[in-house]
Amino acid sequence: MGNGLFSGRNGSDALSVFLTAAALVLAVAASVITTEIARYIVSAVAIVLVVIAAARMLSTNVGRRRAENEKFLAFFRAFRKDPQKKAEKARRKEDRKTHAYFKCPECKKELRVPRGKGKIKITCPHCGHQFIKKT
Ligand SMILES: [Zn+2]
């Protein structure tokens with residue numbers, strides 16, 4: 001950023017943007033709240049959030065602010081479902097229509113065989129154990 005107000009300062013980050021957005025939501029909520037005490041509290045929280053966001057952006061302790069931001073991001077990542085795991089689950093579900101999954105009685109490893117072949121003799125590719133299964 002070079003010179004000016006933000007030189008050597010933390011500037012805007014995801015946490016500050018989130019705090020500002022949350023403050024805006026609260027400000028809008030406060031405008032429709034009819035109970036005076038509730039409106040007062042919500043407005044006060046909104047102001048506090050804006051002040052924290054501004055203080056973080058103007059902070060010169062960049063290392064500490066970055067650590068806070070990382071924690072915030074990690075917190076949100078924990079809530080989000082892993083898209084890779086989700087895709088794997090969907091693939092498996094689709095696959096179960098055409099393939100059956102068995103556990104080898106010998107080595108307990110999972111085997112995948114095509115469905116609809118009736119009773120077949122399965123040879124475990126891991127340990128060579130043979131067993132009969134109905135697909
Ligand atoms: Zn086996």
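Helix H4 is hardly covered in this predicted model: of its 13 residues, the count that are buried is 0. The helix comprises residues 83–95, and its end C-alpha atoms are 18 Å apart. This agrees with expectation, because 13 residues at 1.5 Å a residue should span 18 Å. Helix H3, residues 62–79, is hardly covered as well, with a count of 1 buried residue among its 18. From its first C-alpha to its last, H3 reaches 26 Å, close to the 26 Å expected at 1.5 Å a residue.

The protein chain contains 4 helices and 4 strands. Along the sequence these elements follow the pattern α-α-α-α-β-β-β-β. The radius of gyration is 28 Å, whereas the globule rule gives 14 Å for 135 residues; the former is well over the latter, so the chain is more spread out than a compact globule. Taken along the principal axes, the box filled by the C-alpha atoms is roughly 75 × 45 × 20 Å. Buried residues account for 10% of the 135 residues of the chain. Of the contacts between residues at least 6 apart in sequence, 38% join residues at least 24 apart.

The domain assignment divides the chain into domain 1 (14–79) and domain 2 (83–134). A distance of 50 Å separates the C-alpha centres of domain 1 and domain 2.

The largest nonpolar core has 9 residues, namely Leu15, Leu19, Ala23, Leu26, Val42, Ala46, Leu49, Ala53 and Met57. The elements giving two or more residues to this core are H1 and helix H2 (36–58). H2 supplies the largest share, 5 residues. In soluble globular proteins, nonpolar side chains tend to be buried together.

Leu26 lies in helix H1, residues 14–32. This residue is classed as buried because 21 other C-beta atoms lie within 10 Å, the threshold being 20 or more. Val42 and Val25 are 17 residues apart along the chain, and their C-alpha atoms are separated by 9.9 Å.

Ser12 is found in the segment before H1. With 13 other C-beta atoms within 10 Å, Ser12 is partly exposed. Its contacts, again without residues up to four places away in sequence, are Val17 and Met57; Met57 belongs to the largest nonpolar core. Ser12 and Ala67 are 55 residues apart in sequence, and their C-alpha atoms are 14 Å apart in space.

Turning to the strands, S1 (residues 99–103) and S2 (residues 110–114) run antiparallel and are joined by 5 bridges. His99 stands opposite Pro114 in S2. The two strands form a hairpin, with 6 residues between them. Lys108 is located in the loop between S1 and S2. Although Lys108 is not a glycine, its phi is positive, at about 65°. Lys108 is exposed, because the number of other C-beta atoms within 10 Å is 10, and the limit for this class is 12 or fewer.

Key:
Residues are numbered from 1 along each chain as its sequence is written. This is a predicted model: local features need pLDDT of at least 70, side-chain atom pairs count only at pLDDT 80 or more; totals for chains, interfaces and linings use all residues. Domain bounds come from an automatic or database domain assignment. The expected span of a helix is 1.5 Å times one less than its number of residues. Two strands pair if DSSP finds at least two bridges between them. The radius of gyration is taken over C-alpha atoms; the globule rule is 2.2 Å times the number of residues to the power 0.38. Two residues are in contact if their C-beta atoms, placed from the backbone, lie within 7 Å. A nonpolar core is a set of buried Ala, Val, Leu, Ile, Met, Phe, Trp, Tyr and Cys residues joined through C-beta atoms within 7 Å.
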